[in-house]
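Please open the model in your viewer and keep the selection panel at hand. The stops below can be selected one after another.

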Amino acid sequence: MALHNSLPHELTDFSVDLTSLEVLRRAQVMQALGPDWDPVEVLQGEEAAYDLLYSGLDSEQQRLYDELVAAGVLPVRGGGHAAP
């Protein structure tokens with residue numbers, strides 16, 4: 001009993017439409033976030049956290065920060081220098 005003899009000789013087109021599952025997933029994410037979720041507030045909070053992260057750098061940290069900005073690794077903040 002050779003298994004390979006029972007396999008089809010041509011490929012069969014197979015596709016699955018995940019659209020309804022994606023819509024359900026997105027609805028569940030929005031439900032989990034709740035009605036009080038404010039994306040603008042979240043982004044502003046993230047920006048404030050980054051400003052705090054890059055504030056109060058000593059001279060060596062500032063030098064490294066400036067190098068990373070120049071290399072395009074970090075975005076420019078505070079006119080090209082970390083916030084004081």
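The tour goes from a helix to a surface patch, then to aromatic rings and salt bridges.

This is a predicted model, in which local features need pLDDT of at least 70 and side-chain atom pairs count only at pLDDT 80 or more, while totals for chains, interfaces and linings use all residues. Residues are numbered from 1 along each chain as its sequence is written, and side-chain values use heavy atoms, with hydrogens and water left out.

Select residues 19–33 to begin, which make up helix H1 (helices are DSSP runs of H or I with at least four residues, numbered from the N terminus). H1 has 15 residues and reaches 21 Å from its first C-alpha to its last, close to the 21 Å expected at 1.5 Å a residue (the expected span being 1.5 Å times one less than the number of residues). Gly-34 follows H1 and has a positive phi, near 85°.

Arg-26 is exposed, with a relative accessible area of 53%, whereas Glu-22 is partly exposed at 28% (buried means under 20%, exposed over 50% and partly exposed in between, with a 1.4 Å probe and protein chains only).

Next, select Phe-14, Val-16, Leu-18, Leu-21 and Leu-24, which make a nonpolar surface patch of about 550 Å² (its residues have over 30% relative accessible area and no salt bridge, and nonpolar side chains are joined within 5 Å; areas come from the Shrake-Rupley method with a 1.4 Å probe).

Move on to Tyr-50, Tyr-54 and Tyr-65, which form one aromatic cluster (rings pair if their centres lie within 6.5 Å; planes under 30 degrees apart count as stacked, over 60 as edge-to-face and the rest as tilted). The rings of Tyr-50 and Tyr-54 are stacked, with centres 6.5 Å apart and planes at 10°. Tyr-54 and Tyr-65 form a tilted pair, 5.3 Å centre to centre with 45° between the planes. Tyr-54 lies in the loop between helix H2 (39–53) and helix H3 (59–70) and Tyr-65 in helix H3, so this pair ties together parts that are eleven residues apart in sequence.

Finally, select Arg-63, which forms salt bridges with Glu-60 at 2.4 Å and with Glu-67 at 2.2 Å.

Conventions:
Patch = residues over 30% accessible without salt bridge, like charges linked within 9 Å, V, L, I, M, F, W, Y side chains within 5 Å. Salt bridge = Lys/Arg side-chain N within 4 Å of Asp/Glu carboxyl O. Helix = DSSP H or I, 4+ residues; strand = E, 2+ residues; numbered from the N terminus. Phe/Tyr/Trp six-rings, centres within 6.5 Å; stacked < 30°, edge-to-face > 60°.
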